[in-house]
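Hi everyone, thanks for making time today.

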Number of protein chains: 2
Amino acid sequence: MYKIEFHDFFNAAFSVDCIIFGYEAGQIKALVIKRAMEPYNNYWAIPGDLVYPDEDLPVAAERVLKELTGLDHIPMHQSQTFGHPKRHPQGRVITISYFALVRIDALHVKASSFAEEISWVPINALPTLAFDHNHILESTYEILKQKLHHEPVCFDLLAERFTLHEFQQLYEFAFEQELDKANFRKKIKYIPLIGLEEKQKNVKHRPAKLYKFDRESYQKQLINGDYTFKM
Amino acid sequence: MYKIEFHDFFNAAFSVDCIIFGYEAGQIKALVIKRAMEPYNNYWAIPGDLVYPDEDLPVAAERVLKELTGLDHIPMHQSQTFGHPKRHPQGRVITISYFALVRIDALHVKASSFAEEISWVPINALPTLAFDHNHILESTYEILKQKLHHEPVCFDLLAERFTLHEFQQLYEFAFEQELDKANFRKKIKYIPLIGLEEKQKNVKHRPAKLYKFDRESYQKQLINGDYTFKM
DNA sequence: GCAAAAGTGTTTGGATTACACCCATGC
DNA sequence: GCATGGGTGTAATCCAAACACTTTTGC
């Protein structure tokens, strides 16, 4: 055991990485940016950057995401922290990863000066990413899958109005197994959904009814304690 | 948006906090130490300390736990990271919390020079702790409760040999609801337990049979995929 | 009419619940 | 004997899986 002075401990930096998941064309995807700076110039990476000395972590995550992708007002949750001494080539940098779920169809991302390109990549076909970002992304996807079982986060990924088939496909993709249509619909019977009058258009089969998630009555049921989401 | 030099980011420190849960006398408890140094001298706190500049996080968690409590070879899992700029009075210190589950009956803790006292406190009757440690401990307890539902972590808390009633009481404590004895036993029917010949002794009622968790066959079932733990 | 997907009903077996009952031990 | 918890059986009910069937659209 060696002894160092108290102030010598204060020579680390830390960053936040923002993992943004979306759902598009039947696949769960993550947002990556192409780095336009060293280290790992030209590599795809999770959007992330260093945290300012007196900045709180969730605030930093919001700021960094906005600076790199233009995305604003996206609620994020903390995922995990990665701190291997050699994970960053330029010094000791601990990174705290945050993640968010978004509706890809409802937003427009734009690359910043530090990121020359932005792309949504399917979670099951990731390229080699900068730093330890493959590891970070994969282990955060595991957390997402856990949440899909026990919390209604699926409705953060689906478009605001969705068909029951799209809803089903999301779960089929995440858990890599086909589901029976009739049984799926029985299972979701108690999830508060609002059935809209509107239907699908321009499909070459019977148009499906569109639904919205009824957040308000879900909240009420949560407080009453007479319902717990489970899939 | 302000701009600071790259090297000026490197003036933060980080620590690990080790939350040790145990089960004793029908209650889930956490290990706390009484601090024998500033800041928060004489407060109860989660065992934790600063991480060395080139030390990996899980290694630091193990070292710190051993230094402060004498506990060694306790497998720990990362929980959450807390980084509010004002959470530590002496500078910017981010803390990464780790947690572990132990069998209180099977270990002996000893206070170090930095901790003049060690105590197990029931999770539902915590004193005011140093720093933001109440918050850290409570939110980690929520994670433990989640795990109790989906992973066989209960057997890390129970004594190696336990009665089915002790097993049931652990769940009754965690989820704050009474369970039917007969139904509880049907529910755990598929958990691989080894029934021992031995029985309880010196109890003033019919002695209960003792059981062990069959880790080996649980692992096999996991790999085969023909069983998932659920409580 | 045909293809394709939407949408619903029925049967079955297994799990969950509530509850009742008997058993072994210390005092 | 009696208090205390250990341990088991039963009937009613609910739920999930498998599968078949009808409906509505575009072409």
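Let me begin with a question: in which loop of chain B does Pro39(B) lie? Pro39(B) sits in the loop between β2 (27–35) and β3 (44–45) of chain B; helices (H or I, at least four residues) and strands (E, at least two) are DSSP runs, numbered from the N terminus.

Before going on, a word on what we are looking at. This is a predicted model, where local features need pLDDT of at least 70 and side-chain atom pairs count only at pLDDT 80 or more, while totals for chains, interfaces and linings use all residues. Residues are numbered from 1 along each chain as its sequence is written, chains are lettered from A and ligands numbered from 1 in the order in which they are written, and side-chain values use heavy atoms, with hydrogens and water left out.

Back to that loop. Glu38(B) and Pro39(B) are joined by a cis peptide bond, with omega about -10 degrees. In chain A, a cis peptide bond joins Glu38(A) and Pro39(A), and omega is about -10 degrees there. Pro39(A) is in the loop between β2 (27–35) and β3 (44–45) of chain A.

The loop between β2 and β3 of chain B also holds Asn42(B). Asn42(B) is not a glycine, but has a positive phi of about 75 degrees. Is Asn42(B) buried, exposed or partly exposed? Asn42(B) counts as partly exposed because its relative accessibility is 45%; buried means under 20% relative accessible area, exposed over 50%, and partly exposed in between (1.4 Å probe, protein chains only). Another positive phi, about 50 degrees, belongs to Glu176(B), which is not a glycine either. Look for Glu176(B) in the loop between α4 (164–175) and α5 (181–187) of chain B. With 68% relative accessibility, Glu176(B) counts as exposed.

Now let's take chain A as a whole. Chain A has six helices and nine strands, and its C-alpha trace spans about 65 × 40 × 30 Å along its principal axes. Of its 231 residues, 47% are buried.

What about the inside? The largest nonpolar core has 49 residues; such a core is a set of buried Ala, Val, Leu, Ile, Met, Phe, Trp, Tyr and Cys residues joined through side-chain atoms within 4.5 Å. Phe14(A), Ile20(A), Phe14(B), Ile20(B) and Met76(B) touch the most other members of that core. Next comes a second, separate core of 41 residues, with Phe21(B), Leu126(B), Leu164(B) and Leu170(B) among them. In soluble globular proteins, nonpolar side chains tend to be buried together.

On to the place where the chains meet. How many residues of chain A are in contact with chain B? The count is 35 residues of chain A, against 36 residues of chain B, where contact means heavy atoms within 4.5 Å. The area buried between chain A and chain B is about 3,300 Å², and carbon and sulfur atoms give 64% of that; buried area is the accessible area (1.4 Å probe) that two parts lose on being put together, summed over both. In chain A, Phe9(A), Phe10(A) and Tyr52(A) lose the most area to chain B, together 19% of what that side buries. Between chain A and chain B there are zero salt bridges, a salt bridge being a side-chain nitrogen of Lys or Arg within 4 Å of a carboxyl oxygen of Asp or Glu.

Over all chains, though, the whole structure has 22 salt bridges. One of them joins the side chains of Glu55(A) and Arg63(A), at 2.6 Å, N to O, and both Glu55(A) and Arg63(A) are buried. Glu55(A), Arg63(A) and Glu67(A) are linked in a salt-bridge network.

My last stop is the salt bridge between the side chains of Arg87(A) and Asp132(A), at 2.9 Å, N to O. Arg87(A) lies in the loop between β5 and β6 of chain A and Asp132(A) in the loop between β7 (115–122) and α2 (133–150) of chain A, so the pair ties together parts that are 45 residues apart in sequence. Arg87(A) and Asp132(A) are both buried.
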